[in-house]
Protein chains: 2
Amino acid sequence: MTIRDVATRAGVSPATVSRVFSQPETVAPGTRQRVLTAAEELRYAPNPVARSLARRRTGNLGIVVPDIANSFSAMIIKAAQQEARHAEYALFVTASEELVDDEERQARALAPQVDGLLLTSPQASDACLRELADIVPVVVTNRLLDSVPAVLTESAQATGHAVEHLHALGHREVAYLAGPDGYSNQSRTSGLQAACARLGLEPVVLGPFPARFSSGVRAADLVLAAGVTAVVAFNDDIAAGLLTRFADRGVRVPEQISVVGHDDTALAEMVTPRLTTVHIPAAAAGATATQLLIRYVRGDDSGVRRYELPSELIVRGSTGPVTARST
Amino acid sequence: MTIRDVATRAGVSPATVSRVFSQPETVAPGTRQRVLTAAEELRYAPNPVARSLARRRTGNLGIVVPDIANSFSAMIIKAAQQEARHAEYALFVTASEELVDDEERQARALAPQVDGLLLTSPQASDACLRELADIVPVVVTNRLLDSVPAVLTESAQATGHAVEHLHALGHREVAYLAGPDGYSNQSRTSGLQAACARLGLEPVVLGPFPARFSSGVRAADLVLAAGVTAVVAFNDDIAAGLLTRFADRGVRVPEQISVVGHDDTALAEMVTPRLTTVHIPAAAAGATATQLLIRYVRGDDSGVRRYELPSELIVRGSTGPVTARST
DNA sequence: TAACGGGCCGAAACCGGTTACACAGTCGTC
DNA sequence: GACGACTGTGTAACCGGTTTCGGCCCGTTA
């Protein structure tokens, strides 16, 4: 079942068989047919590993996400997979489970087996990332790094809109639950701070918290203790945790406290009340990053090496006007 | 940066360099050290593709899941990844997005690049799966197939417990929302039917529905129209959809209707009220399947080729006694 | 001292493809 | 009729490792 078996059976040279499978148009129709039927009879399929070695490219792309269980990652992966398939690449996914050295290990293991690597919200050091970028074409999301193409989901403006929204509803005491340090949290924090400054608010910043549901549950009591009437969370998971704990404590949302999330994951529409949240274009980011990576890998240098995707505030049921009981 | 570069620099043969990286104990300490420093200086790392070709194994495992965004899949992946890493395998994930021929394509693309393949709740035909199992060691979950090792999450008993639980709470009119056809749905349906028969209930079976949140939203109205006081859903996503729609329609859970899910995903604790659900040991299934696959790949034939993992009813806030208003 | 055994290492074949180059045959052109 | 261009195919080197086999050297034993 190697190329030479097919070659002898079809009465041609291995080179011809190889051509039939990689550049069919360069071989005469008759010969091609003979080779194909021989291959069919032997149930032959080219060995992708050998092919990768000889061609010095694998036809695979890799993506590393912080957490597979996170539906934000899932949206990126889905979009990336679609783009990859569209360009005839296979996409390999690995998760770092939010551990920095795991992330590095995964990336290093993946790097030499793929033609390009997509690192989403990487936590690794600049040096490490640059080293990886030396081995294989790398595109990052939500991370700024000289000379590494990047797709950023910018949310300063939309987070500002969230603050304006709360202000318009009469809220004057607002808390922000910070997420893990990184581009996303910086972008959100700065947008929030800027808007608060414009409106004369002084936000209570708590955290940083791991971007998980349980963080929200824990943070809920801190938020209540802080005496605010509205809270903006780093992401929807944290916001959902808030909602649950508020419900347990008999605090009604949005009557007594308003909650805003970030990301607009599926969860935002699954909780009660539905979450007002800053929609982050995860799918677009995944798709854009993958296209960028593919162009990069192929050498189609389009010049653009950095994208900033805008976000948007989605108002749903978890925010409402301040009532007398709020204060 | 090939093995020969290192060899000349260290003044040894390529074979020795190779041995240093694969069977270090067979080379004299002094030589080994010289090779290692030479490799270090050249920043050499063995090319995994070439290594795979020569060794005729890749050191990779593959897993195909129906839907990455599904947190049930995510739990399996996490467990599988952990087991794989533990055994020094890299794990490649791909998602079929619930499309049968996509699943087949993904699996076929993956098969020749990995040493073993884990197919979770596969939808492909028996013939197709057997063909894959011919190419590469395959383990499946939630699918019964002659001669293919499998891990099944059996839930007949626990689903029966859910029915008993509802019966004890006074429910006599119960609906079941079926999921997509497959081992899981069969196991759940049969457990439910058996328990109902024992208790003299006649369940209203609706569906099948895609195992998604939106299915639950849609099904909620059908459930209310059916006039039941309790509903068992194929999975938690559907159950969450029910909760949301019930809340929208002003139907209170569990006072007016009780809801039971399946899987016990993270979502079950994120919704209000928390879901009573049948805990399916997804993590255990992922871990067991991966261990089984690794043993299979390594030839450690342990004999056991089929595991049935038991489930368990977890009672939370979405089920309660029938009240006067229920009927 | 010769025979033997084991540890260490190198030469070369091999894994299964790809591809640069050479060469033969066909066709069109002057 | 000779020349060049073009098409189709084969030869052989190559991708970057692994591994078999055998040789050398040294210490041990008879």
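**Close-up views of helices in chain B**

**View 1. Helices α5(B) and α12(B) make a right-handed crossing.** Right-handed here means that the near helix is turned clockwise from the far one by less than a right angle. This is a predicted model, in which local features need pLDDT of at least 70, side-chain atom pairs count only at pLDDT 80 or more, and totals for chains, interfaces and linings use all residues. Residues are numbered from 1 along each chain as its sequence is written, and chains are lettered from A and ligands numbered from 1 in the order in which they are written. The axes of α5 (residues 71–86) and α12 (residues 282–298) of chain B come within 7 Å and cross at roughly 40°.

View 2. Contact means C-beta atoms, placed from the backbone, within 7 Å.

**View 3. Helix α1(B), residues 3–10, has buried residues.** Look for Ile3(B), Val6(B) and Ala10(B), which are buried (20 or more other C-beta atoms within 10 Å of a residue's own; exposed means 12 or fewer). Seen down the helix axis, the buried residues of α1(B) fall within an arc of 65°, so they line one face. On the other side, Arg4(B) and Thr8(B) are exposed. The cover over the buried residues includes α2 (14–22) and α3 (29–42) of chain B. Gly11(B), with a positive phi near 70°, follows α1(B).

Key. Helices (H or I, at least four residues) and strands (E, at least two) are DSSP runs, numbered from the N terminus. The arc is that of the directions from the helix axis to the C-beta atoms. Two residues are in contact if their C-beta atoms, placed from the backbone, lie within 7 Å. Axes are lines fitted to C-alpha atoms, for helices over the stretch in contact, and angles run from 0 to 180 degrees between N-to-C directions.
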